[in-house]
Amino acid sequence: MAVREILAGMPWWVKWVAIPLIALFVFGGLITSIASFVIGLLFKVLLFVALVGGVVYVVRKFMSSSTSRGDW
């Protein structure tokens, strides 16, 4: 409740401009590192899915071509 009372007497630009800019300045490195970690993790997951899909495609293609040649 004390924070709400303090902010009630402040101009709009303090609430909507100054405080967010200070938060970005203080926590900017943390926000950047978390965002880069999440983006890197998503990239690795997509790369993993693409590689597994490629292996499955190659194995199915190889298996279908080897069975179509007939039994030895």
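Hi everyone, let me start with a definition: a residue is called buried under 20% relative accessible area, exposed over 50%, and partly exposed in between, using a 1.4 Å probe and protein chains only. What we have here is a predicted model, where local features need pLDDT of at least 70, side-chain atom pairs count only at pLDDT 80 or more, and totals for chains, interfaces and linings use all residues. Residues are numbered from 1 along each chain as its sequence is written, and side-chain values use heavy atoms, leaving out hydrogens and water.

Now, the overall picture. The chain has two helices and zero strands; these are DSSP runs numbered from the N terminus, with helices being H or I of at least four residues and strands E of at least two. Its C-alpha trace spans about 90 × 20 × 20 Å along the principal axes. Of the 72 residues in the chain, 3% are buried.

Let's visit a few residues. Ala8 sits in helix 1, which covers residues 2-8. Is Ala8 buried or exposed? Ala8 counts as exposed because its relative accessibility is 58%.

Next comes Leu47, in helix 2, residues 12-68. Leu47 has 42% relative accessibility, so it counts as partly exposed.
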